Amino acid sequence: MTQSTDTTVPVPVEADWDRAPSVLEGAKTLELTPERCGLPYWFEHVASGMLGRLADGTVTSEPPTAAVTEPGPLRDALLAEFSFRHLAEEKAARALSFLVFHAPDTACLEFFSTQLVDEARHARAFRDHLLRLGVPAAELAATVEKAAGAASAAVLDPLEEFGLRVLRDNGDFYGGVLVLTVLVEGVLAPAAELSERKWRPLDPAAALVERGANMDEIRHLAVGSAVVRRHLTERPEENARLLEIIQEGRRLWAGLPMVDLLFTRESLFQQGLAEHAELIGDYEIWPGRRLVDTGVQERMEAADRWSRETQDQRLEYMLLGEAVDPT
Ligand SMILES: [Fe+2]
Ligand SMILES: [Fe+2]
C-alpha cells in the first residue's frame with residue numbers, strides 16, 4: 001500500500017488504511033464520540049478518504065488464488081463465511097434503522113445514519129466478493145441461501161429477534177446500542193479479525209474486504225460504547241436494567257449453535273490448509289505462529305478469547321463491568 005493522500009485535515013488513525021489498528025487493539029484503546037463521528041467526519045474520512053483510496057487505486061490487493069476460485073474445501077469455507085457475513089450485515093443495516101428512528105439527539109442521529117450506511121456497504125462488499133470468486137450474478141441469491149441459509153436461520157434470526165424486541169417493540173435506544181455494540185459487533189468483530197488474518201495468503205482481496213469492514217467496526221464499537229457510557233454517567237439508575245439486557249442476550253448466545261457453525265467452517269479450512277500449504281508458506285497468523293501449523297481448535301479458541309476480551313473491555317468502559325464474564 002502507498003502513502004495516504006494529501007488532505008488539509010490529518011487523516012485520523014482509525015480511518016487510515018496504512019495506520020489503523022487491528023479490531024482487537026482499536027476496540028481496546030480508541031475513544032470516539034458521536035459528536036466527532038458525525039456526517040462531516042464520515043464524508044471526509046470514510047467516503048472520500050477510506051473509500052476514495054479504494055476507488056483511486058492507491059489501496060489494492062492481489063486477486064483470489066486458485067485455492068478459492070477452484071472447487072474444494074477452501075472455496076466452500078469462503079463461500080459459507082462470506083455468504084453468512086453478507087446476511088449478517090444486511091440484518092445489522094435493517095436493525096440500525098430503529099436506532100436512527102429513536103436517536104435522542106442530532107449527534108446520535110447522524111452517527112447511526114452513517115453506521116446504517118456502513119453496514120449496507122459491508123453487505124454489498126461481501127456479496128461483491130462472491131462475484132469475484134466466480135459465482136454468476138444470476139446464481140448469487142441461491143448460492144448465499146445454500147451456503148449460509150441454515151446457519152443464518154439458526155444463529156442470526158434469533159439474535160435479530162432479540163435485537164428487534166429491544167429496539168422496535170420496546171423503543172429502547174440505549175438497550176439497542178448495547179445489544180448491537182456488545183452482543184453483535186463485540187462477537188462478530190473479533191471473528192472478522194481472524195478471518196482477515198487467515199484468508200490473507202489465500203485470497204488477499206477477501207482479506208482487504210475484511211480489513212475495510214473491520215476499520216469501520218472499530219469506529220462502531222468505540223462510538224457505541226461511548227454513547228452507553230455517557231448515558232450511564234448521567235443516569236446511573238439505568239444500570240440494572242441494561243445489565244439485565246446483557247445477561248439475557250448472553251443466555252441467548254449460549255444457546256445458539258455458533259460453536260458448531262465455526263467448527264464446520266474451520267474444519268473445511270483445515271482440509272484446504274493441508275492441500276495448499278505451499279501457497280501459505282511461512283505466513284504467520286499471529287507473531288511467531290505459522291498459519292500452516294495451526295489447527296481448528298487453536299483458531300477457534302483464539303477467536304473466542306478475542307471476543308471475550310473485546311466484550312469485557314467494552315463493558316468495563318461502558319460502566320457495566322459487573323457483566324464481565326469471570327470465567
Ligand atoms: Fe459491519
Ligand atoms: Fe458495524
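This is a predicted model: local features need pLDDT of at least 70, side-chain atom pairs count only at pLDDT 80 or more; totals for chains, interfaces and linings use all residues.
Residues are numbered from 1 along each chain as its sequence is written, and chains are lettered from A and ligands numbered from 1 in the order in which they are written.

**View 1. Leu319 and its backbone angle.** Leu319 sits in the segment after helix H12 (296-317); helices are DSSP runs of H or I with at least four residues, numbered from the N terminus. The phi of Leu319 is near 70 degrees, a positive value in a residue other than glycine. Most residues other than glycine have a negative phi.

**View 2. The largest nonpolar core, with 83 residues.** A nonpolar core is a set of buried Ala, Val, Leu, Ile, Met, Phe, Trp, Tyr and Cys residues joined through C-beta atoms within 7 Å. Look for Leu78, Val177, Leu178 and Val184, which touch the most other members. Helix H7 (residues 173-199) gives the most to this core, with 16 residues. Leaving aside residues up to four places away in sequence, Val184 touches Ala92, Leu159 and Val179, contact being C-beta atoms, placed from the backbone, within 7 Å. In soluble globular proteins, nonpolar side chains tend to be buried together.

**View 3. H7 against helix H8 (residues 204-234).** The two helices pack at an angle of about 155 degrees, with axes 9 Å apart. Axes are lines fitted to C-alpha atoms over the stretch in contact, and angles run from 0 to 180 degrees between N-to-C directions. The angle makes H7 roughly antiparallel to H8 (under 35 degrees is roughly parallel, over 145 roughly antiparallel, 65 to 115 roughly perpendicular and the rest oblique). H7 passes H8 in a left-handed crossing, meaning that the near helix is turned anticlockwise from the far one by less than a right angle; clockwise would be right-handed. The contact of H7 with H8 has 13 nonpolar, eight polar and six charged residues, where Ala, Val, Leu, Ile, Met, Phe, Trp, Tyr, Cys and Pro count as nonpolar, Asp, Glu, Lys and Arg as charged, and the others, Gly among them, as polar.

**View 4. Helix H4 (residues 73-102) with helix H10 (residues 258-275).** Their axes come within 7 Å and cross at roughly 150 degrees, so H4 and H10 are roughly antiparallel. This crossing is left-handed too. Among the contact residues are Pro73, Leu74 and Asp76 of H4 and Arg265, Leu268 and Phe269 of H10. By class, the contact of H4 with H10 has six nonpolar, two polar and three charged residues.

**View 5. H4 with helix H6 (residues 140-169).** Here the axes come within 8 Å and cross at roughly 25 degrees, which makes H4 roughly parallel to H6. The crossing of H4 and H6 is right-handed. Contact residues include Phe84, Leu87 and Phe98 of H4, and Val144, Leu156 and Leu164 of H6. The contact of H4 with H6 divides into 15 nonpolar, five polar and three charged residues.

**View 6. Arg53 in helix H2 (residues 39-55).** Arg53 is buried, with 21 other C-beta atoms within 10 Å. The C-alpha atoms of Arg53 and Leu78 are separated by 25 Å, and these residues are 25 apart along the chain.

Terms used:
A residue is buried if 20 or more other C-beta atoms lie within 10 Å of its own, exposed if 12 or fewer, and partly exposed in between; C-beta atoms are placed from the backbone. Two residues are in contact if their C-beta atoms, placed from the backbone, lie within 7 Å.
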